Amino acid sequence: MAEVKATNVVWHEGHVSRDKRESLLNQQGCMIWLTGLPSSGKSTIAFTAEHILVEQDRLAYVLDGDNVRHGLNKNLGFSAEDRAENIRRIGEVGKLFTDAGVITFTSFVSPYRADRDAVRELMADGDFAEVFIDTSVEVCEARDPKGLYAKARTGEIPNFTGVSDPYESPENPELVIKTSECTPEEAASQIIDLMKKMGKLS
């Protein structure tokens, strides 16, 4: 839990409601949280889903784990504490995107169940869905496009999820995608179908 240091602050309500923003966009904001081991396929699937929706004139955006560490979270490492803060910040950003009416995909290893559950608690009912990208560590390591597993095995990268740090699988995700059984396009379609069931897409 992040320490609250900001005092004497009050939430300032604007003149434009979320309903009005969503009406302008002809869609409903939500956050679809993709979690899984490194190299499980999270980013590929998230960006594929984003592309499909944008081609359908929907406003969608991917908050990607590596990308946000280039800016917003570049001061965070990979200790348990820094991982928790990484996820907390993205949860707050995703909540703002959702309020703006944006269909938001997040692609983060997010290995700890408590951190993911904290984001779920942050969101209004029906605005959040957890998608477990269920790929075995053997398959992830065989892919390893960045060579990270190999470096982790030699100790060059400490605290690496799946090698020297644990991954806690979701207990009750809204969707489980087994990447060994589908293409990225098929996986993205499963997510879009989930969003329709959530009432976020028609």
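**A residue in the sheet**

Modeller: Thr 106 counts as buried, since its relative accessibility is 0%. Buried means under 20% relative accessible area, exposed over 50% and partly exposed in between, with a 1.4 Å probe and protein chains only.

Colleague: What should I know about the origin of the model and its numbering?

Modeller: This is a predicted model, in which local features need pLDDT of at least 70 and side-chain atom pairs count only at pLDDT 80 or more, while totals for chains, interfaces and linings use all residues. Residues are numbered from 1 along each chain as its sequence is written, and side-chain values use heavy atoms, with hydrogens and water left out.

Colleague: Where is Thr 106, and what does it contact, leaving aside neighbours within four places in sequence?

Modeller: Thr 106 belongs to strand E3. Helices (H or I, at least four residues) and strands (E, at least two) are DSSP runs, numbered from the N terminus. Beyond four places in sequence, Thr 106 is in contact (heavy atoms within 4.5 Å) with Met 31, Ile 32, Trp 33, Leu 34, Leu 63 and Ile 90.

Colleague: In what order do the 5 strands of the sheet run?

Modeller: The order is E2-E3-E1-E4-E5, in an open sheet with parallel pairing. Two strands pair if DSSP finds at least two bridges between them. Strand E2 (60–64) and strand E5 (175–177) are the edge strands, each pairing on one side only. On average, neighbouring strands of this sheet are turned by 20° against each other, direction ignored.

Colleague: How many bridges hold E2 to E3, and how many join E4 to E5?

Modeller: E2 and E3 pair in the parallel sense over 5 bridges, and Val 62 stands opposite Phe 105 in E3. E4 and E5, which run parallel, are joined by 3 bridges; Phe 132 has Val 176 in E5 as its bridge partner.

Colleague: Which strands does H4 lie across?

Modeller: H4 lies across E1, E2 and strand E3 (103–107), and runs at about 150° to E1. Axes are lines fitted to C-alpha atoms, for helices over the stretch in contact, and angles run from 0 to 180 degrees between N-to-C directions. Helix H8 (residues 184–197) also packs on the sheet, where it touches E1, E3, E4 and E5; its direction makes about 175° with that of E5.

Colleague: Turning to the helix pair, at what angle do H4 and H5 cross?

Modeller: Their axes cross at roughly 20° and come within 9 Å. That makes H4 roughly parallel to H5, a label for angles under 35 degrees; over 145 counts as roughly antiparallel, 65 to 115 as roughly perpendicular and the rest as oblique. On the H4 side the contact is made by Arg 83, Ala 84, Ile 87, Gly 91, Glu 92 and Lys 95, and on the H5 side by Asp 115, Val 119 and Leu 122.

Colleague: Which residues of H5 are buried, and what do they pack against?

Modeller: In helix H5 (residues 113–122), the buried residues are Asp 115, Arg 116 and Val 119. They line one face of the helix, because they fall within an arc of 100° when seen down the axis of H5; the arc is that of the directions from the helix axis to the C-beta atoms. These buried residues pack against strand E1 (30–35), helix H4 (80–99) and strand E4 (128–133). Exposed Ala 114 and Glu 121 are carried by the face of H5 turned away from the buried side.

Colleague: Now Lys 42: is it buried or exposed?

Modeller: Lys 42, in helix H2, counts as buried, at 7% relative accessibility. Not counting residues up to four places away in sequence, Lys 42 touches Leu 34, Thr 35, Gly 36, Leu 37, Ser 107, Phe 108, Val 109 and Ile 133. Lys 42 and Thr 135 are 9.8 Å apart in space, C-alpha to C-alpha, and 93 residues apart in sequence.

Colleague: What is phi for Ser 39 and for Asp 57?

Modeller: Phi of Ser 39 is near 70°, a positive value in a residue other than glycine. Ser 39 sits in the loop between E1 and helix H2 (42–55) and counts as partly exposed, at 25% relative accessibility. Phi of Asp 57 is near 65°, again positive in a residue other than glycine. Asp 57 lies in the loop between H2 and E2 and is exposed, with a relative accessible area of 70%.
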